[in-house]
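Please keep the viewer open while you go through the points.

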Amino acid sequence: MRPGLLERESAWKKEIKESSYLGEISLSLPELDQLCKTLGTGALNHPVALTVLAINCCYYCLDNDGFWPHFCSRLGLSYTVSNTAKLGSRIEDYLGSVYKNLRQRSGTYRYVGAILEQCGITRKQLPRFADFLREMERKHGWDGILGLNYPRYREQVPETGSKYLLGFLDDEIGWKFVRSVASNLSQRDRGIIDNAELERLGGYHTSFWREINQYLEFPPPKSRPRSVPLPVLALDPTTRSLQIRLDLDYTNKSRYRLDGEIVRSSTISLRRNKEEDFKESYAFEVLTDAEWMPIFLTGWVPRSSEFAFFHEVRGYIRDVNKLKPGAYWLLAGKDVAVPEEIILSNQGTLSLFSGYYAVFEIKIAQNSDLSVFGASAVLNKVPYLSYPECCKRLESAADTRVVFTGGLPTIQVNNFGPEASSGYALVAELEGHQKRVSKQFIDGLTVDLVGLGFKYPGKGSLWIEATSRMVAHAGEQVVDRLDFAAIMPCRIEGPNYLVSSDESVEISFAGPGNYSLELAEGTKVADDGTRWMVGPEVRLVEGTLLAGDLPLRVTHRLYRANMVLGDDTDTILTGDLDSGLAVFAEGVPGTSPGLYLADSKKRGKICSMGSFNKAGRIELSTFSFRDAILARKPRPIAGRFEIGRPGGTVKTPVFYLDVDQACDSICLADNENYKAAWQDYLSPSLGQVFNTLYDLAVKANVESCADLKMLPLPPRVRSLWNTFTACSRVLDGTGIAATGAEGLDKATSDALAWYSEASAALEGTIAPYRLLPLAEAYPGCAGIPLARWKHALELKLSEIKEQANPGENLREAIAEWAGEVRGHPKNTYSGRIAELCSGKELVDCWRLYFKHGKAVQAYQGAAKLACKTDGIVRDLAKLLGMLTLVKLGCAEEAAISFTGGCNPLLLPLFETLATAASESDGCKVDIFPILEEDFEIFSKHAACLEGDQLGTARTRK
């Protein structure tokens, strides 16, 4: 290779170190041809020269025949797949050594795509590229193009035209190139740079701007556009929630749309448990000069990243390489090893649909090692803005702007030395007008905003724009930005001491006479809006501060005693004491109170917690107070945690429960005077459960209850709930919904199933011969929790046994009834059977037959009674019906019509009557009110009865 080329290659190496893209190293077409001949077939041995020449060849020569035929011809090489693969691989390797974050490609466009990324648009495609730019500007404007994300941008790329131009535009490198060009043209229209500076910008081929301007021919803008306040994805460390914040003034004027709908609130909270709220980007639109301009807010997807950085004003920062020195909030998953040297404090955890994330307050320095997050070992030295930490700010501000009070601090521009002169511009926007602040590039430059025309109260913006096309800011315009407001001194105040969640508190405002405060959740106490009353439960007071005509979103935190458990429940169980459950207590920053437990017997301190951090939080575990609770005599069943304050304690919404003691205790509730004091120390959800259990235990009129299927109950409580509701439904006959058998243990399920079957048997819905086996199958009442329910089972067992073996009591009752049938008609119906339902009708039916011989009428009455009654009345009516049918010559019908179950004491009677025996296993024959002639009739038709009652009776014998 000739010495001249070696010298050029040495010079190019120095230029490459100062260049954003290799396309900045431009050659004339004759130079390109001559140097390619000089390099020739030894190109693979000189990767620097090979790459520079390839990029210039691409700029001048790429057309519908492609790139490689032109380049191989100039090098004197055959155009073959082998040669293009070798050359392309060598170029790709060299670019990868220069740009560590070079995009990895594949496919037939692999090597040409990498060359085009350095080259930008090619010379032959400039006219058609200019057409594309004009159409894009017509539709969206330059700033609107910057608001298009890659998918929306691709929708704008034409479907027909030059294959290579369309391939370039459709690729991500084309999107970033178009954004860079649009950004520079926007800067020209806004007066940030002029045409002369435009043609000297880095990152482009030296002839690009001179030639593209020949085709664009845009008229000068009628007015310089204003910047628009952009949405911000922010982390609120006070509530540990993620929210999208929007400019309050623009929101009040309905100038934002999200997914086509007008946005009505300046904050949009992301629901923690809704994965669909966490998106890669949010499609906003902002109204500017009667046109809706698209803006895509970058989102955080927890399943894609285990960490997220949030600046207090700029919000979420996706690319960790774009972090600047300063304070941030960091969300980190359990597997992220956060460097100790950047942590200022641990603010607890944030629970999301994807798991738990630690919330850290961190501070990043220029030399911080963020490699654990995939960043470069140290921060890139790009310009950024800063202001003193000690400056006066409105503490209650929760706006998209930093709100300074009582004067503007000194704004400093860092990393803004001479090396930034060709790549960046410092811009201010005050009173809606933009201007370039300084063309002097001095590291540590300070900005006098008042000298630039800022007026109180007011708002403005200061930012650093990338002007040159640079790899570090590919596709981006703003490198760092400070949106601010400055107002006269004012303050929003509330209690500076600890309050409980059920207390109402007063909020006051003090400021200039033309300043006012409006709260979203509060009642105005003073007509001038200087005093407000905020109700219980509110922890973060939100509202609007109107500083003259300037609206600002403000919040004020109330220090309410609170405890947050790692599993988001409201009760610490005895089992949690040994598990080291994470507990975050909340109180007044800087104080060091004790933690107390109040139960029905006493209130006592259970541990010292240490000092609350500046966010008013402190982390401890259940190990901290386990021994104190377990050592308390008597052992508490339930209690409520309280946080100390001077002169007393304040209740928290977190409770303690000894599940075993509570369940054992509720099972002793056998009367209405039982209700224990510990039930007043339960959380609302568990209080509802145990109060209902108590009502069920004392047989209160409980017909319905809340659906507890989704309530996270301790296993034993849920089991007891299932048992109580099932027992109440079966044993008390209430209408309360009962859990299915799958929710009960076997002993309980078997006992309730037996009770239901026994009840059915006693109602006559199963055959009587099953009574004795049913009594023998009694499962016991071990699974039944209450004494009265156990007693109900025992009573049912006694009834079954009595029906199966009724004994002398039933015989005496039948003899008493028979005497009434035989007695005088005017005799009173005083017998035990006569007093039963339809018992008097039964006596009258038998009298029709026994005293008056009216068999037909007696049969008709008996048939009706047999259908509508049960028990012994039904059985005696069936006996009369069968007797009268036989007497009327219908013996076969008698055997059929009155089949079914009977009291086992009566079954042997038919056999006794048939054989004319004096007595049997049942009642004596002579106690029944029948005529002597009936004995012969029954003996004669005994065979007709053997298939039914007599047959059944014999079988049982």
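1. **Ground rules.** This is a predicted model, in which local features need pLDDT of at least 70, side-chain atom pairs count only at pLDDT 80 or more, and totals for chains, interfaces and linings use all residues. Residues are numbered from 1 along each chain as its sequence is written, and side-chain values use heavy atoms, with hydrogens and water left out.

2. **Overall make-up.** The protein chain has 29 helices and 35 strands. These are DSSP runs numbered from the N terminus: helices are H or I with at least four residues, strands are E with at least two. Of the 957 residues, 53% count as buried. Buried means under 20% relative accessible area, exposed over 50%, and partly exposed in between (1.4 Å probe, protein chains only).

3. **Surface and contacts.** The chain exposes about 43300 Å², and carbon and sulfur atoms supply 48% of that. Accessible areas come from the Shrake-Rupley method with a 1.4 Å probe; for residues, only the protein chains shown count as cover. Take the contacts in the chain with a separation of 6 or more: residues 24 or more positions apart account for 64% of them. Contact means heavy atoms within 4.5 Å.

4. **The cores.** The largest nonpolar core has 77 residues. Such a core is a set of buried Ala, Val, Leu, Ile, Met, Phe, Trp, Tyr and Cys residues joined through side-chain atoms within 4.5 Å. Trp12, Phe67, Phe71, Phe129 and Phe208 have the most contacts inside this largest core. Helix H3 (residues 47–61) gives the largest share, 12 residues. Another core, of 47 residues, lies apart from it; Ile637, Phe724, Tyr755 and Leu786 are among its members.

5. **Phe67 up close.** Set aside its neighbours within four places in sequence. Phe67 is then in contact with Ala54, Cys57, Cys58, Leu62, Val112 and Ile115.

6. **Helix H24.** This helix (residues 871–887) has 17 residues and reaches 25 Å from first C-alpha to last, close to the 24 Å expected at 1.5 Å a residue. The expected span is 1.5 Å times one less than the number of residues. Why is H24 largely enclosed by the rest of the structure? Because 15 of its 17 residues are buried. Just after H24, Gly889 takes a positive phi of about 85 degrees.

7. **Ser683.** Look in the loop between helix H15 (659–666) and helix H16 (684–697). Ser683 is buried there, at a relative accessible area of 1%. Not counting residues up to four places away in sequence, Ser683 touches Asp570, Thr571 and Phe655.

8. **A surface patch.** Val450, Tyr456 and Met488 form a nonpolar patch on the surface, with about 260 Å² of accessible area together. Patches are made of residues with over 30% relative accessible area and no salt bridge; like charges are joined within 9 Å, nonpolar side chains (Val, Leu, Ile, Met, Phe, Trp, Tyr) within 5 Å. Val450 lies in the loop between strand S18 (445–447) and strand S19 (458–466). Val450 is partly exposed, with a relative accessible area of 46%.

9. **Salt bridges.** The structure holds 44 of them. The criterion is a side-chain nitrogen of Lys or Arg within 4 Å of a carboxyl oxygen of Asp or Glu. Arg303 is exposed, at 54% relative accessible area, while Glu275 counts as partly exposed at 38%.

10. **Two strand-to-strand pairs.** Arg531 pairs with Glu506, the closest N and O atoms being 3.0 Å apart. Arg531 lies in strand S25 (residues 531–534) and Glu506 in strand S22 (residues 505–510), so the pair ties together parts 25 residues apart in sequence. Arg617 and Glu586 also form a salt bridge (2.6 Å, N to O). Arg617 is in strand S33 (residues 617–621) and Glu586 in strand S30 (residues 582–586), 31 residues apart. Are Arg617 and Glu586 buried or exposed? Both are buried. Arg240 joins Glu586 and Arg617 in a network of salt bridges.
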